[in-house]
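Subject: Structure handover

Hi,

Here is the structure I promised to pass on. Please open it alongside this note.

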Amino acid sequence: MGSPKKFKTAVVGGTFDHFHKGHKSFLNYGLSVSQKLIIGITSDEYVKNLKAQISNIKNTYQSSQSFEVFSTRKKSVDEFLKKNTSGKFEIVAIDDMFGTTLSQAPIDSIVVSRETLKNAKIINIARKERKLPSLEIIIQELVLAKDGKPISSSRIRNGEIDREGKLYIDPEWLSKILYLPQGLRKKLKIPWGEIIEIENLDFKNNLLVSVGDETTRAFNRMSIGLCLSVIDFKVARKIKFKDLKELGFLGSEKVYKIKNPAGSVSGKLFKLAADLFENIDYKDHRIIQIDGEEDLSVLPLILTSPLGTNIFYGQPGGGIVRIIADEQIKAKIRSMLNQFITRGY
């Protein structure tokens, strides 16, 4: 028999958004040190307030990305615990950082990470003011992703890592040029998303990215607010445009020029796309101007973009394709790029 659990009732709290490997470890640890674990999951209203606070600090698209709704987050936690533990637990919705910790319920401990330790200290101060005993604070170390940084829901929403902490972009790619192998050429000719008509879409509150000159020009003609465009002044690999004005740009856009050989994706393009997405917002329209060929640039854009990004590119003879960056498409593109032929600069 194992040693008896030290605490009678422990409490943990969090958004548990995009339920991941770190969440699983956190919950398992809480159950291992207590006879019962109370899990506070932030309500939709609480999340809405959190997003507003972040937006006031940093006016970027990342801060406005959609969290999963409470019912989805609760279901993920509930299903994991029912499947993986026989321990006693209770899930409650919380509307602030205190949750149930200031009630008369017999709670004797709180499990936190080092990043949320200050919240536990604030809770104990509030408990003392209410003449409630202090909670024993238990610190659980965060689970690290493959790059040595903590796995977090924000990194998943930002499109950096998957729920197991695996990077979508292999760091080795950043110093290489990835060449398309012959065996994948047919696969890339198939649309990776839905064929759309721009006139019929509602683009409100979406991060919009265009790839290709004709696609970009179509959006500009309709004054649709793109955040990022990739161009090379070519159509069907032949020079067609001579300057940005012909594509409908105003001339105030920030332009980033980069070389990218035909039939390839350069590490420099990966890095540039990642840097631009890190601080992109609705007010900017930035342009990546390719010296070479932009046909494959949709691949690094998918891998570096935050979840929910709308990426548009032209399908020869088929119209405009829309890809919504999600975890599934990112995993597919990562797998495909692992089959590319890599060469150093």
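Predicted model: local features only at pLDDT ≥ 70, side-chain atom pairs only at ≥ 80, totals over all residues.

Start with the helices. H1 covers residues 21-32 and H3 covers residues 70-84. Their axes come within 11 Å and cross at roughly 55°. That angle makes H1 oblique to H3. The crossing is right-handed. On the H1 side, Lys24, Leu27, Asn28 and Leu31 make the contact. H3 brings Val77, Phe80 and Leu81. By class, that gives five nonpolar residues, one polar and one charged.

Now the salt bridges. The count comes to 18.

One of them joins glutamate 90 and lysine 36, with the closest N and O atoms 3.1 Å apart. Glutamate 90 lies in strand E3 and lysine 36 in strand E2, so the bridge ties together parts that are 54 residues apart in sequence. Glutamate 90 is partly exposed, at 34% relative accessible area. Lysine 36 is also partly exposed, at 22%.

Next, look at arginine 237. This residue is exposed, at 58% relative accessibility. It forms a salt bridge with glutamate 293, at 3.3 Å between the closest N and O atoms. It forms another with aspartate 295, at 3.5 Å. Arginine 237 sits in the loop between E10 and E11, and aspartate 295 in the loop between E14 and H9, 58 residues apart. Glutamate 293 is buried, at 8%. Aspartate 295 is partly exposed, at 37%.

Finally, a network of salt bridges links Glu68, Arg163 and Glu327.

Best wishes

Technical notes
Residues numbered from 1 in each chain as written. Heavy atoms only, no water. Axes fitted to C-alpha atoms, helices over the stretch in contact; angles between N-to-C directions. Helix = DSSP H or I, 4+ residues; strand = E, 2+ residues; numbered from the N terminus. Parallel < 35°, antiparallel > 145°, perpendicular 65-115°, else oblique. Left-handed = near helix turned anticlockwise from the far one by under 90°. Contact = heavy atoms within 4.5 Å. Nonpolar A, V, L, I, M, F, W, Y, C, P; charged D, E, K, R; others polar. Salt bridge = Lys/Arg side-chain N within 4 Å of Asp/Glu carboxyl O. Buried < 20%, exposed > 50% of the residue type's maximum accessible area, 1.4 Å probe, protein only.
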